[in-house]
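Hello,

Here is the structure I promised to pass on to you. Have a look at it first, and then read my notes below.

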Amino acid sequence: MLPSATNILVAALVLVAPCIAQTDRQANDLAPPDAHTTLLVDVDHRTATSLDGDWHAIVDPYSTGLYTFHQEIRKDGFFMNAPFNPHGDPRDYNFAKAGTLKVPGDWNTQRPDLFYYEGVVWYQKDFDYAPKPNTRTFLHIGAANYRSFVWVNTKKVCSHEGGFTPFDCDVTDFVRAGSNFVVLSVDNTRLADGVPTLQTDWWNYGGLTRDVSLVTVPAAFIDDYDLHLSREDRGLIEGYVHVEGAPAGTRVTVSIPELSAKAMVTTDANSRAAVSLPVQHLSLWSPENPKLYTVVLATDPGPGGDSLTDEMGFRTIETRGTQILLNGKPVFLRGVSIHAEAPYRTGRAYSEKDVDTLLGWAKEMGCNYVRLVHYPHDERMTRAADRMGILVWSEIPDYWALQFDNPVVLPKSEQQISEMIRRDRDKASIILWSVANETPNNEARTKYLTTMAALTHQLDPTRLVTAALLVRTEKNASGGTTKIVDDPLGKVLDVIGANEYVGWYEQGLAGVDETTWDVRYQKPLIMSEWGGGAVAGLHAPAGSDHPETWTEEYQADLYQHQIAMLNRIPQLRGTSPWVLMDFRSPRRLNPGIQDDFNRKGLISEEGKKKQAFFVLQKAYEEKALGKPE
Ligand code: GCU
């Protein structure tokens with residue numbers, strides 16, 4: 001029997017897209033079809049050999065390591081990792097003598113000469129390996145921004161495009177007993193037909209920005225699963241388990257020991273076992289009760305069998321008219337937007353410390369929800385949100401003006417949404433998948449994102465699909481302004497996200513009070529972005545009625561006015577003001593004010609809380625902003 005449409009679709013999206021999407025001919029030459037790239041779910045619960053730490057690194061602005069002087073793919077590229085031999089062929093590189101870069105970590109904040117660098121950097125690492133019979137070994141890469149090619153022991157093993165989602169390269173046929181080496185070229189050159197495209201209001205941190213490890217699994221192994229609480233019956237957990245390489249009839253057990261719940265099922269011809277697991281006395285996951293259960297997934301016990309545990313919460317999320325229902329009850333999302341910028345040290349966030357600081361601040365502010373922008377964050381972030389009871393909006397970088405009419409681009413977005421959902425499907429905290437942010441309202445865009453919304457619903461019918469839309473502005477009869485939410489994309493979304501900067505980019509503080517809203521959808525609305533900039537420590541003269549922009553007082557006033565305006569929108573069901581912490585952006589160049597930072601944070605990158613932080617904290621603690629119904 002042929003694999004189901006969804007299986008074909010997901011498999012195709014995860015495996016083939018990197019090849020067809022490459023724009024320049026060279027990338028196509030370098031990226032033969034990737035039979036070795038997949039995405040192992042729950043890999044952070046697998047036994048792994050970490051390859052984190054110092055890697056030799058060569059900065060290669062001309063891609064000399066890949067191309068000859070006639071721009072042909074080199075046979076003797078840097079991936080050969082040839083040892084220096086004073087009597088041998090002259091070589092233009094020597095990893096053994098090259099400096100190092102830390103992994104995980106972006107290169108921009110590790111070396112001042114790489115602060116602005118966009119191009120290829122080569123990474124090389126030696127590792128020892130002891131083969132085990134009847135197993136497969138994967139090189140796990142948490143994320144590599146933006147496009148990467150991977151060689152093990154001089155053999156090309158895989159490639160990947162997309163800077164914020166993981167990929168796992170099957171290196172079983174390429175590793176050997178004893179010493180081995182891996183070489184990667186990571187290229188963060190921005191591409192017009194990339195996702196994201198050329199313009200972003202965040203720093204293009206390049207490199208191996210998340211964990212790298214070696215993972216060995218049995219020949220037939222659990223690589224994907226979906227276990228979710230039924231919306232119709234909150235005493236039933238449903239889903240599937242996929243066992244890569246397993247013949248039909250392979251036994252799979254899914255159990256939740258704490259609930260004495262166990263399902264014994266078998267795989268079909270697609271190596272997939274459907275799961276239906278009745279449960280009693282299930283404690284539903286919610287911000288007030290972030291209950292996680294240890295879930296054990298196993299195939300036939302004994303040699304060759306696989307087993308995996310996961311920490312999962314179970315809850316339902318849906319909409320009813322303009323309400324968002326969590327476990328059947330209306331909820332209001334008190335949130336904030338967060339970029340993966342590391343507090344204090346800056347650079348791409350990845351560590352437990354980064355995560356605990358960022359989400360700790362959100363909790364301190366009274367948030368029960370965060371919008372993770374504009375790309376999938378490190379898995380540590382979504383695991384922590386599960387533990388801390390914080391609802392999550394997760395997004396792929398379909399950001400601003402992608403080339404929506406260019407056929408090579410959609411497969412890239414499809415691949416990224418598939419990878420994001422596959423990695424984080426097991427996170428109860430995630431309730432919203434966002435397919436876009438502030439995209440232009442035109443036919444090509446709407447067609448593109450309508451396809452994306454349909455795919456997202458198909459890949460995960462248990463969560464809500466949203467996007468952050470731009471809002472139209474019209475003068476109203478009373479001389480004020482009306483913001484109109486009627487972007488046609490809203491038709492295919494479950495929840496409408498809208499971004500507005502009334503009182504900052506437009507109209508000043510007084511304008512906020514005179515602004516009315518005309519939301520043309522009977523759906524829940526999340527004001528996904530609003531706010532304004534302030535320099536921490538910059539203050540207006542005491543008692544000044546009209547504080548200057550960029551002062552903390554102006555930002556605090558703006559929040560006061562915004563909160564009053566937002567409370568006048570009947571279908572408002574959540575807010576995620578822009579932004580928790582100042583973050584680096586190449587578009588923010590005002591000296592003494594911005595200095596490469598977007599200053600709309602409620603906290604500076606040095607951890608200084610601005611006055612507006614306390615304005616929002618008060619509103620959230622007193623539940624003075626928004627209503628669940
Ligand atoms: C936009 C955009 C953000 C950006 C913000 C700003 O709304 O979505 O990425 O940083 O505005 O202008 O600060």
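**Around the ligand**

Asp-201 places a polar side-chain atom 2.5 Å from an oxygen atom of the ligand, well inside the limit for a polar contact (a pair of N or O atoms within 3.5 Å; within protein, one must be able to donate a hydrogen and the other to accept it, and residues adjacent in sequence count only if both atoms are side-chain atoms). Taken alone, the ligand exposes 310 Å², and the protein buries 97% of that (Shrake-Rupley areas with a 1.4 Å probe).

Before going on, please note that this is a predicted model, where local features need pLDDT of at least 70, side-chain atom pairs count only at pLDDT 80 or more, and totals for chains, interfaces and linings use all residues. Residues are numbered from 1 along each chain as its sequence is written, and side-chain values use heavy atoms, with hydrogens and water left out.

Two further side chains have an N or O atom by a ligand oxygen: His-374 at 2.7 Å and Trp-578 at 3.3 Å. In total, 14 residues surround the ligand, with Asp-201, Glu-438, Tyr-505, Glu-529 and Lys-600 the closest (a residue is near if one of its heavy atoms lies within 4 Å).

**A buried lysine**

Is Lys-483 buried or exposed? Lys-483 is buried, at a relative accessible area of 2% (buried means under 20%, exposed over 50%, partly exposed in between, with a 1.4 Å probe and protein chains only). You will find Lys-483 in strand β29, residues 481-485 (helices, H or I of at least four residues, and strands, E of at least two, are DSSP runs numbered from the N terminus). Its side chain makes a polar contact of 2.9 Å with that of Glu-506. Leaving out residues up to four places away in sequence, Lys-483 touches several others, including Val-471, Thr-473, Val-502 and Trp-517 (contact means heavy atoms within 4.5 Å).

**Aromatic rings**

There are 23 aromatic pairs (rings of Phe, Tyr and Trp, the last by its six-membered ring, with centres within 6.5 Å; planes under 30 degrees apart are stacked, over 60 edge-to-face, the rest tilted). One of them joins Trp-107 and Tyr-117, with centres 5.8 Å apart and planes at 55 degrees, so this pair is tilted. Both residues lie in the loop between β4 (100-103) and β5 (120-129), so the pair ties together parts 10 residues apart in sequence. Trp-107 and Tyr-117 are both buried. Elsewhere, Phe-78, Phe-79, Tyr-93, Phe-95, Trp-122 and Trp-151 make up one aromatic cluster.

Best wishes
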